[in-house]
Amino acid sequence: ALLLRQHLLRPLAQAEPPPLAADVRAECALREALLRRQLDQHDEAQAAREAALAEEVGRLRVDVLKLRRDVQAADVERINYEMAAEERAVAQFAHLRTQLEETQASARAARAAAKEAKESRAEMEDVLEG
């Protein structure tokens with residue numbers, strides 16, 4: 001039975017397909033070619049978008065590096081300004097301390113002179129009374 005079946009089906013498999021099947025195959029081949037072309041175009045467009053994005057990412061990275069450099073420069077400038085302000089404050093403190101010490105020394109000298117003048121006056125009054 002199996003041999004008979006194979007013998008009967010063999011001529012059908014070797015026979016030309018009906019014209020309708022050939023038209024369907026041709027249409028399928030055309031659609032496949034069209035879809036492949038659309039897929040290729042889509043892939044090309046996607047590759048172009050990815051290249052543009054990669055380029056933009058590169059530009060953004062450069063911008064980030066420039067901004068980091070600017071921030072570091074601003075930090076250095078701020079630190080230099082703070083150090084200069086601290087140095088000015090230390091110098092002003094030293095100057096004020098010197099002035100205070102001079103004023104204190106002058107006050108001590110004035111008190112000593114006043115004491116000496118008072119003692120001298122007391123001596124003179126003793127001499128004049130005596």
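Let's start with a charge and a ring: Arg-88 lies over the face of Tyr-81, at 5.9 Å from the ring centre. Keep in mind that this is a predicted model. What about pairs of aromatic rings, how many are there? The count comes to zero aromatic pairs.

Now zoom out to the protein chain. How many helices and strands does the protein chain have? The answer is two helices and zero strands. One of them, helix α2, covers residues 19-129. The protein chain has 130 residues, and 0% of them count as buried. Its accessible surface comes to about 12,300 Å², and carbon and sulfur atoms account for 60% of that surface.

Next come the charged side chains. Side chains of opposite charge can pair when their charged atoms come close. How many salt bridges does the count come to here? It comes to eight salt bridges. Here are some of them, with the N to O distance for each:

| Salt bridge | Distance between N and O |
|---|---|
| Glu-27 and Arg-31 | 2.7 Å |
| Asp-75 and Arg-78 | 4.0 Å |
| Glu-125 and Arg-121 | 3.3 Å |

Glu-27 and Arg-31 both belong to helix α2, where they are four residues apart, or about one turn of the helix. Is Glu-27 partly exposed or buried? With a relative accessible area of 40%, Glu-27 is partly exposed.

Moving along helix α2, we get to Asp-75 and Arg-78. These two are three residues apart, so about one helical turn separates them. Asp-75 has a relative accessibility of 33% and counts as partly exposed. Arg-78, at 41%, counts as partly exposed too.

Then there are Glu-125 and Arg-121, again in helix α2. How many residues apart are Glu-125 and Arg-121? They are four residues apart, which means about one helical turn lies between them. Glu-125 is partly exposed, with a relative accessible area of 37%, whereas Arg-121 counts as exposed at 58% relative accessibility.

Notes. Residues are numbered from 1 along each chain as its sequence is written. This is a predicted model: local features need pLDDT of at least 70, side-chain atom pairs count only at pLDDT 80 or more; totals for chains, interfaces and linings use all residues. Side-chain values use heavy atoms; hydrogens and water are left out. Rings of Phe, Tyr and Trp (its six-membered ring) pair if their centres lie within 6.5 Å; planes under 30 degrees apart count as stacked, over 60 as edge-to-face and the rest as tilted. A charge sits over a ring if NZ of Lys or CZ of Arg is within 6 Å of the ring centre and within 35 degrees of the ring normal. Buried means under 20% relative accessible area, exposed over 50%, partly exposed in between (1.4 Å probe, protein chains only). Accessible areas come from the Shrake-Rupley method with a 1.4 Å probe; for residues, only the protein chains shown count as cover. A salt bridge is a side-chain nitrogen of Lys or Arg within 4 Å of a carboxyl oxygen of Asp or Glu.
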